[in-house]
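I opened this structure to learn how its parts are arranged.

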Amino acid sequence: MSSDSDEYGLPLPESCIIVGFGGVCVDLLATVTCFPVPDSKMRSTQLKVQGGGNAGNALTCAARLGLKPRIIAKVANDIQGRALLEELEVDGVDTSFMVVSKEGTTPFSYIIIDTQTKTRTCIFNPGEYPPMKPEDLHSTNLVSILAGSKVVYFDGRMLDTAIVIAQEAFQQNIPILVDAEKPRVGLDNLLRLTDYIICSENFPQAWTEASTISKALVSIMLRLPKLKFVIVTLGKDGCIMLERCVDDISSLEEMDIDSTFESLSKREDDTITMPTCIASSMMRFRTKGEGCMCGRLYIGTAEKIPPSKLIDTTGAGDAFVGAILYAICANFSPQIMLTFASYVAATNCKALGARSGLPYRTDPCLKSFTH
């Protein structure tokens with residue numbers, strides 16, 4: 001870690017530059033007292049227009065935590081597109097590598113937040129411009145984009161272009177992190193180059209067809225030998241992480257991954273409101289027909305947010321990803337990384353929109369994660 005830090009808050013990692021590729025859009029957020037029924041009219045209680053999109057949100061989070069993100073994305077040259085660029089730049093995200101389409105309209109999302117059930121419903125409009133294509137990139141420019149980067153992040157979309165960027169990152173030996181929401185055509189080619197995966201609750205079993213999430217995580221690690229860890233996010237139920245051991249120690253006890261997960265779950269303390277992390281010892285985990293791996297299983301709990309403080313879960317997963325990017329650059333241990341990311345995600349849920357509640361590195365509450 002660098003010595004450049006404030007009296008309170010997070011220190012700056014020695015390697016601060018990261019690169020992200022993916023989607024950006026405008027979020028039109030409206031809060032309502034209850035979700036509208038078909039063919040009805042109602043008033044919103046609050047309205048906010050804000051930048052959104054997985055990549056835009058995650059990199060904004062990383063920038064506020066002290067990193068120096070460079071974003072590769074595409075917008076139209078309209079009022080919304082220009083506003084997105086300005087908002088990212090204000091937060092410290094380098095937009096100089098963004099592609100601006102002369103024609104079309106920038107993507108946007110309608111987001112309805114039900115203040116009674118604390119749920120959000122998203123309706124995405126992709127806009128009227130072609131998505132980013134490999135020909136939008138120039139090889140010499142791509143080398144300069146990636147220069148000095150500690151990690152390259154992908155939100156799992158526009159995979160033809162993502163593969164081109166990932167292959168260059170692979171050639172430069174830059175670690176790759178992928179946020180995998182669901183199986184997509186071409187995603188496997190990206191995952192084979194990946195060092196870290198963060199995925200949604202449904203992805204592991206959908207991608208592997210395993211009978212449980214735990215077994216699916218082992219299967220993912222066995223199918224992707226370059227992978228260092230995989231994290232599955234579970235919303236209010238926290239997260240699960242499987243980390244690969246660098247050395248395959250054959251003398252370790254071989255354990256059933258489901259039994260290990262069940263044993264760890266029993267150690268959770270429901271009286272603790274802040275995020276915690278429970279880890280197994282180093283073990284060998286096997287899946288039928290696929291082999292055995294040496295690793296450690298972690299269960300991370302989420303912050304228990306009182307209903308009065310829970311405002312909007314929009315962008316919570318992106319905040320988690322942004323915090324993981326910081327944790328990788330700061331060389332956090334897995335236990336600190338998971339509790340830190342869960343805290344950042346929970347903090348973001350206490351304000352309206354995907355970015356309003358994102359903490360800054362000067363937040364004194366973040367200082368505890370550096371010890």
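The entries below go from the record to a sheet and then to pairs of helices.

**Entry 1: the model and the record**

I noted at the start that this is a predicted model. Then I looked up the annotation. The UniProt entry, which is unreviewed, gives "domain: Carbohydrate kinase PfkB" for residues 21-243 and 302-359. I checked what each span holds. Residues 21-243 are 30% helix and 29% strand. The C-alpha atoms at the ends of that span are 25 Å apart. Residues 302-359 are 50% helix and 0% strand. There the end C-alpha atoms lie 17 Å apart.

In what order do its four strands lie? I read the order as 3-2-7-8, in an open sheet with mixed pairing. Strand 3 (46-52) and strand 8 (119-125) are the edge strands, and each pairs on one side only. Neighbouring strands are turned by 20 degrees against each other on average, direction ignored.

I recalled the general point that strands of a sheet pair through backbone hydrogen bonds, either parallel or antiparallel. Then I went through two of the pairs.

- Strand 2, residues 25-32, pairs with strand 3 in the antiparallel sense, over seven bridges. I picked out L28, whose bridge partner in strand 3 is V49.
- Strand 7, residues 108-114, pairs with strand 8, also antiparallel and over seven bridges. Here Y110 stands opposite I123 of strand 8.

I followed the chain from strand 7 to strand 8. The two form a hairpin with four residues between them. K118 sits in the turn and has a positive phi of about 60 degrees.

**Entry 2: a helix across the sheet strands**

I asked which strands helix 2 lies across. Helix 2, residues 79-90, lies across strand 2 and strand 3. Its direction makes an angle of about 75 degrees with strand 3.

**Entry 3: helix 3 and helix 4**

I moved on to helix pairs. Two packed helices are described by the angle between their axes and the distance between the axes. Helix 3 (residues 139-146) packs on helix 4 (residues 159-171) at about 60 degrees, with the axes 10 Å apart. Helix 3 and helix 4 are therefore oblique to each other. The crossing is right-handed. I listed the contact: L142, V143 and L146 of helix 3 meet V164, I165, E168 and A169 of helix 4. Six of these residues are nonpolar, none is polar and one is charged.

**Entry 4: helix 7 and helix 8**

Helix 7 covers residues 213-223 and helix 8 covers residues 257-265. Their axes come within 8 Å and cross at roughly 125 degrees. That makes helix 7 and helix 8 oblique to each other. I noted a right-handed crossing. S214, K215 and V218 in helix 7 meet I257, D258 and F261 in helix 8. What classes of residue make up this contact? I found three nonpolar, one polar and two charged.

**Entry 5: helix 9 and helix 10**

My last pair was helix 9 (residues 316-329) and helix 10 (residues 334-348). They pack at about 145 degrees, and their axes are 8 Å apart. Helix 9 passes helix 10 in a right-handed crossing. On the helix 9 side the contact residues are A316, A319, F320, A323, I324, Y326 and A327. On the helix 10 side they are M337, L338, F340, A341, S342, V344, A345 and N348. I sorted them by class: 13 are nonpolar, two are polar and none is charged.

Key
Residues numbered from 1 in each chain as written. Predicted model: local features only at pLDDT ≥ 70, side-chain atom pairs only at ≥ 80, totals over all residues. Heavy atoms only, no water. Pairing = 2+ DSSP bridges. Axes fitted to C-alpha atoms, helices over the stretch in contact; angles between N-to-C directions. Contact = heavy atoms within 4.5 Å. Parallel < 35°, antiparallel > 145°, perpendicular 65-115°, else oblique. Left-handed = near helix turned anticlockwise from the far one by under 90°. Nonpolar A, V, L, I, M, F, W, Y, C, P; charged D, E, K, R; others polar. UniProt positions renumbered as here; feature names shortened; annotations may be inferred.
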